[in-house]
Amino acid sequence: MYVGTLSFDLLLGDVRSLKEKRSVVRPIVAELHRKYAVSVAEVGDQDLYRRAEIGLAVVSGDTGHLTEVLDRCERLVAARPEVELLSVRRRLHSGDDE
């Protein structure tokens, strides 16, 4: 079993409140979940209205499939015009890790 995680650090565009932030972040989270069946949530910077941290996780029996899903998720977020992708942190874990 392999587990892959991504953590996105995002700078939001023309956002002036936490309510506006939610209207930008929620569709991204929903699309990632719907398109790629990943577990995804806003995991940090909840009190900052121009920054967001989104984390996601994928479980697979094959590292090739896992890498492909993570790559697609990263491309989807990077292509969103309403956010600037500041950094991506990727981790891969296997069942042999302790």
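1. In this predicted model, V3 stands opposite V59 in β3; helices (H or I, at least four residues) and strands (E, at least two) are taken as DSSP runs and numbered from the N terminus. The two strands concerned, β1 (residues 2-12) and β3 (residues 51-60), pair in the antiparallel sense over 10 bridges, where pairing requires that DSSP finds at least two bridges between two strands.

2. Strand β1 is also joined to β4 (residues 83-94), again running antiparallel, through 11 bridges. Along this pairing F8 stands opposite V88 in β4, and L11 stands opposite E84 in β4.

3. The four strands form an open sheet, antiparallel in its pairing, with the order β2-β3-β1-β4. Because β2 (39-44) and β4 stand at the edges with a single partner strand each, one side of each is left without a neighbour in the sheet. Neighbouring strands are turned by 20° against each other on average, direction ignored; axes are lines fitted to C-alpha atoms, for helices over the stretch in contact, and angles run from 0 to 180 degrees between N-to-C directions.

4. Helix α2 (residues 63-78) lies across β1, β3 and β4 and runs at about 10° to β1, contact meaning heavy atoms within 4.5 Å.

5. Residues are numbered from 1 along each chain as its sequence is written, and side-chain values use heavy atoms, with hydrogens and water left out. Local features need pLDDT of at least 70 and side-chain atom pairs count only at pLDDT 80 or more, whereas totals for chains, interfaces and linings use all residues.
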